[in-house]
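Visitor: I would like to learn how to read a few local features in a structure. Please take me through them one at a time.

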Amino acid sequence: MADVTGPGAGTGEGAGPLAGVRVVDMATVVAGPGAARLFGDFGADVIKVESPSGDSVRRLGWMPPDGDADSYFWKLAGRNKRAVVLNLKTPEGLEAMLELIDGADLLVENLRPGKLEALGLAPDVLLARNPKLVILRITAFGQEGPYAQRPGFATLAEALSSYAAISGEADGQPLLPPVALTDELTGTLGAFGAMAALWEARRSGKGQVVDLSLVESVMHVMGPLPSAFAHLGYEQPRLGAGIPYSVPRGTYQCADGEWVALSASSDTVANRVLDLIGAGGDERFVTFNGRFENRDALEALVSGWIAERPSAEVIRRFEEADAAIAPVYTMGDLFKDEHFQRRGLFTTVDDVVMQAVSPRLSRTPGKVSFVGRPLGADTDEVLAELRAEHQADADREGATDE
C-alpha cells in the first residue's frame, strides 16, 4: 500500500482499518464520491481532486444559514477527504494528477466513457505507471454498449431497471425514490468492488479496472423479479406500499390520523396478525399462496381493524402479539427516538449533524474526523507532500549511486 501522511495516516487500532490506503477521488456528485467517502470513514487517506469550479454538489440542496459557501450535501459527501484543486486541462495540473495517482491504491472516477482517456489518464497508462492501482469507474450505463455514451443520472437508471414501473399506487404514476437511493447504493457496491480488487492486488501485485453502472446497481435490489419474468413471465404490478411475497404488508392509517407500517412475511407472524384482527382460522389466509391470492380481502381486514383504533393501541397490541410494526416517522420523530439516540445514529462534527459511520467495527471502528473541506483547502499541503516524496526518491537514488 502507499505511504500516507494525511489525516488517514498511521498504524494501529486507533488509525482506522484502512490506514495506509490512499484514494484519489476525482468523481463528482454522489455515487463515486460516496464510494470514496466510505474509504475515508474507515481511515484511508482520501484526496478529493476538483476542477477550479469545484464539485457541483457543493452547491446542491440545502445551504447552512451562516452564509457558508458549501451545502450540507457537500459536507457529508466530502467528509474525511482532503480537498485539492487541479486544472487537468493544463500540463502542470495533469502532471500533478499523474503523480498523485502514482502513489495511490485506488482512483475513483465517473466521467463518461472515453473522457478519462481523452485527459491522458487512460487505465493502461495509469497501470503502466502504477501496476497495483485499482480504478473504480462509475457510469450510468457501463464502459461499453449502445448506451455507453448517453448522459445519465440515477433517475434514468431507476426508470430503465423497471424500479419505477413497480413503484407507486396501482392506478397512479410510476414513482421515483425521493432520495438519492441509486447513487448511494452504487457507491456502496463500488466500495465493495474496489475493496475486492485491492485485496486481490495485495496477493497478485496487479491492479485492475472495476466497471460499475447505475442500472446494474439497481438490479441488486430487484430480488427474484428477473428470474420470475424469465421463467414465469411474471411482471410485478404497482402495489402501493405492498409487495407480492408479504401479505399483509404496507402502511395503514389509524383512527387518530397517524400512520403505521407492518409486515407479515412469515407464516408464524402472519398467523399472529390474523388472530389479532379476528381472522384466525380463515382458510383463505392460512398459507402464503392463499394470502397472495386473497390479497385485497386480507388488506381490507387489516386496514379496517387499524382504522378503528388509535395508533398507540394499534402498536401496543401488535407488540403484545409479537408482530412486527412501527410508526411512520418523520425525520423529527427519528431524532427524538431514545433507541436511535442511544445507538448514536447521528454524529456532530465541526458543528454539523450528519449520519454516523456505518457499519460498526468492534475493534477498529471508523470515524468522521472532519466534514467536507472548503474548495482547494489542502492543495498546498498535498503538492508539498508530492515534492517531498520526489526529493526523498532523489536522495535515495543518489545514495545508491554512491
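Visitor: Is Thr182 buried or exposed?

Guide: Buried means under 20% relative accessible area, exposed over 50%, and partly exposed in between, with a 1.4 Å probe and protein chains only. Thr182 has a relative accessible area of 3%, so Thr182 is buried. This is a predicted model, in which local features need pLDDT of at least 70, side-chain atom pairs count only at pLDDT 80 or more, and totals for chains, interfaces and linings use all residues. Residues are numbered from 1 along each chain as its sequence is written, and side-chain values use heavy atoms, with hydrogens and water left out.

Visitor: Where is Thr182 found?

Guide: Helices (H or I, at least four residues) and strands (E, at least two) are DSSP runs, numbered from the N terminus. Thr182 belongs to helix H7, residues 181-204.

Visitor: With which side chain does the side chain of Thr182 make a polar contact?

Guide: A polar contact is a pair of N or O atoms within 3.5 Å; within protein, one must be able to donate a hydrogen and the other to accept it, and residues adjacent in sequence count only if both atoms are side-chain atoms. Here the partner is the side chain of Glu158, at 2.7 Å. Contact in general means heavy atoms within 4.5 Å. Neighbours within four places in sequence aside, Thr182 is in contact with Ala154, Ala157, Glu158, Leu214 and Val218.

Visitor: How do I check the length of helix H3?

Guide: The expected span of a helix is 1.5 Å times one less than its number of residues. H3 has twelve residues (91-102), so its span should be 16 Å, and its end C-alpha atoms are 16 Å apart, which agrees.

Visitor: Which residues in H3 are buried?

Guide: In H3 these are Gly93, Ala96, Met97, Leu98, Leu100 and Ile101.

Visitor: Which residues have a positive phi although they are not glycine?

Guide: Val29 is one of them, with phi of about 65 degrees. Val29 sits in the loop between strand E1 (22-25) and helix H1 (31-41), and counts as partly exposed because its relative accessibility is 26%. Ser162 has a positive phi of about 80 degrees. Ser162 lies in the loop between helix H6 (154-160) and H7, and is partly exposed at 30% relative accessible area.

Visitor: What is omega for the peptide bond from Val247 to Pro248?

Guide: Omega is near 0 degrees there, and the bond is cis. Pro248 lies in the loop between helix H9 (225-232) and strand E7 (249-253). A cis peptide bond also joins Ser358 and Pro359, with omega about 0 degrees. Pro359 is in the loop between strand E11 (352-355) and helix H16 (379-401).
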